Amino acid sequence: MASKSSYGNDSISALKGADRVRKRPSVIFGSDNLEGCIHSFFEILSNSIDEAREGHGNKIIITKFKDGSLQVEDFGRGIPLDFNTKENRYNWELVYCELYAGGKYDNNKSGDYMFSLGLNGLGACATQYASEYFEVTVFRDGYKYHLDFAKGEVNGELVKEPYRFKRTGTIQKWKPDSEVFTDVNVPIENIKEIVKRQSIINSGVEFVVVDEATSEEVTYIYPEGIKGYVDELSDMKGFTEAHSFSAEGKGRDAEDRDIYTVRAEVAFCFNNNVNVIEYFHNSSFLENGGSPDKAAKLAFVSEIDKQIKARDKYKANESKISFVDVQDSLILVTNTFSTQTSYENQTKKAINNKFIQDFMTDLIKKELEIWFIENKALADKVVEQVLVNKHARENAEKTKINVKKQLQGKIDLNNRIKKFVDCRSKDVNIRELYIVEGDSALGSVKTGRDAEFQAAMPVRGKILNCLKADYGTIFKSEIITDLVKVLGCGIEITNRHTKDMSAFNLELLRWNKVIICTDADVDGFQIRTLILAMIYRLMPTLIETGHVYIAESPLFEITYTPKNKKEEELTLFAFDEKEKAEILSKYDNSCLNIQRSKGLGENTSDMMWETTMNPKTRRLIKVCPDDAKKTADIFDLLLGDNLAGRKQHIEEDGHLYLDMLDLV
């Protein structure tokens with residue numbers, strides 16, 4: 001008999017129709033969460049923008065309805081929906097039911113769209129597939145067309161009727177499907193942000209955003225495009241005015257590639273109060289930059305470095321400026337279009353065209369050189385400011401290095417911190433510190449951990465209650481000062497008792513995760529609370545920034561010994577009574593041996609790894625104080641001087657915790 005898990009010819013299957021998107025939305029939209037849902041909205045909006053940019057309609061209306069549905073209305077030529085003799089199918093099928101079908105594949109050969117944001121023929125179809133419902137209304141050729149879809153399937157037939165008014169355009173209304181996306185409520189603020197950016201880089205096009213829930217209506221239009229936007233950002237506080245320039249050219253990314261057209265527009269000013277750098281390509285906001293970002297960095301550093309040398313402003317043996325020195329005083333917006341684009345992926349957050357990078361580098365260099373010649377007084381000021389930025393950066397870096405050296409000089413962690421066991425990796429992004437209860441637990445953690453990125457620090461018994469002890473007493477405690485040194489980030493307290501302790505600096509934290517790991521009994525819970533209280537009082541930012549965790553350990557170890565010797569013996573773990581009951585319901589109870597889990601110190605290495613340390617199977621509780629005042633009140637109630645409140649809490653709520661007595 002074939003195994004149920006056999007892998008053969010019948011194991012291969014293909015997704016068809018709407019399932020290609022509904023079951024794998026992240027392939028098209030980048031994710032299946034709110035970000036992906038927002039991207040689906042942008043796909044529909046981008047098609048209307050492409051029409052407006054080609055001169056077909058100068059107004060786009062975006063509406064968010066109370067039920068979360070969205071609508072984009074344009075006044076372009078209207079999407080063709082009738083029968084396509086070349087493809088022998090209706091165009092509505094190609095546009096809304098066929099991935100990789102569209103009218104933007106011949107951009108480089110003078111097609112219907114020279115510079116299009118829509119590119120791959122995916123957006124309209126994918127968004128339709130990912131919608132609870134999708135309605136299309138088109139006005140063109142003297143007719144009004146209407147078509148409905150539901151969950152990726154056409155609902156009825158194409159309705160075509162004469163329309164005696166002159167208007168043309170497309171109205172698309174849809175509701176993102178919660179079966180596809182984990183979050184389908186696109187915030188109106190996200191819509192406004194997207195639309196404002198599009199109005200900036202599509203000068204002269206009027207965008208109207210309507211929020212049905214609040215009856216708010218906002219209009220965005222930038223007649224001067226990115227120059228007007230730079231002026232707005234600078235708000236007349238820059239020490240130079242906004243300057244813009246543009247150019248068009250033709251080239252190719254490699255000898256064996258097609259020649260294509262690039263149109264680039266750049267606007268900048270120097271400003272010490274506002275620093276903004278944004279790149280757009282074919283109306284897509286390039287969050288990750290790519291070619292324009294590389295071009296801007298090369299051009300600005302090259303030209304300003306040349307100007308500094310021409311003025312003999314570098315000191316002897318001084319290193320050249322970096323882009324961060326320029327960026328500290330720069331507002332820069334670039335807006336490029338090309339008939340051929342290499343995006344990193346469908347979400348269009350970066351491009352990697354070599355010709356676009358080379359073209360923009362040469363353009364910005366040339367225009368900057370002219371600007372420096374024509375604005376000598378301002379140019380001198382820019383040079384001086386960039387050097388000020390450079391020296392400030394270098395001084396800050398030296399200070400940071402000195403602080404690190406001082407800390408390292410004071411603390412030889414491996415030798416001076418008793419029983420601290422470090423890990424091999426120096427990468428703070430993966431390093432984890434387990435604060436464990438006692439030497440026996442340290443032994444289990446030490447042998448059960450992944451020594452590459454997991455370290456361990458034992459606490460001996462119950463540490464001081466840092467919410468009641470004064471600072472003098474706290475910093476006389478060796479275990480507390482050792483913990484502070486191991487963490488490496490210093491403390492957020494400054495007084496006469498802390499003169500030998502480093503001031504708090506989150507960047508010096510040596511760990512990505514600080515994990516409190518104690519036994520699942522009353523003593524373990526109390527030690528956990530005392531450690532949390534210490535962190536809360538001395539370095540609360542660690543909790544606020546999400547670096548502190550609690551490791552859950554199982555309450556029950558259940559061994560399943562099957563009567564059939566051919567079956568494998570299993571060891572199962574239950575973290576609470578509910579999980580224990582679930583396990584008992586799945587197996588023959590006569591084959592089960594149930595015992596409360598031993599203390600961490602009695603765990604085998606394998607058990608320690610599987611239940612508490614393996615990132616794939618462990619359970620960590622992230623400590624997140626949503627309400628700072630509530631957190632402070634609870635700590636004061638449980639560990640502080642609020643004796644009356646603690647007594648009342650025990651009298652009123654103590655019965656809720658009686659089951660914990662079983663853990664002793």
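**Close-up views of a predicted model**

**View 1. Strand β13 and its two pairing partners.** In this predicted model, β13 and strand β17, which spans residues 330-338, run antiparallel to one another and are joined over nine bridges. Within that pairing, R263 stands opposite F337 of β17. Strand β12, formed by residues 243-251, also pairs with β13 in the antiparallel sense, again over nine bridges, and here G251 is found opposite Y260 in β13. Strand β13 itself, covering residues 260-270, is mostly covered, with nine of its 11 residues buried.

**View 2. The largest nonpolar core.** This core holds 49 residues, and those that touch the most other members are F41, L45, I60, I62, L81, Y96 and I191. Its largest share, eight residues, is supplied by helix α3, which extends over residues 34-53.

**View 3. The surroundings of I191.** When residues up to four places away in sequence are not counted, I191 touches F41, I62, K64, L70, V186 and V209.

**View 4. K580 in helix α18.** The residue K580 lies in helix α18, which comprises residues 577-586. K580 counts as buried because its relative accessibility is 18%, and the limit for buried is under 20%. Leaving aside residues up to four places away in sequence, K580 touches F556, I558, A574 and I594.

Conventions
Residues are numbered from 1 along each chain as its sequence is written. This is a predicted model: local features need pLDDT of at least 70, side-chain atom pairs count only at pLDDT 80 or more; totals for chains, interfaces and linings use all residues. Side-chain values use heavy atoms; hydrogens and water are left out. A nonpolar core is a set of buried Ala, Val, Leu, Ile, Met, Phe, Trp, Tyr and Cys residues joined through side-chain atoms within 4.5 Å. Buried means under 20% relative accessible area, exposed over 50%, partly exposed in between (1.4 Å probe, protein chains only). Helices (H or I, at least four residues) and strands (E, at least two) are DSSP runs, numbered from the N terminus. Contact means heavy atoms within 4.5 Å. Two strands pair if DSSP finds at least two bridges between them.
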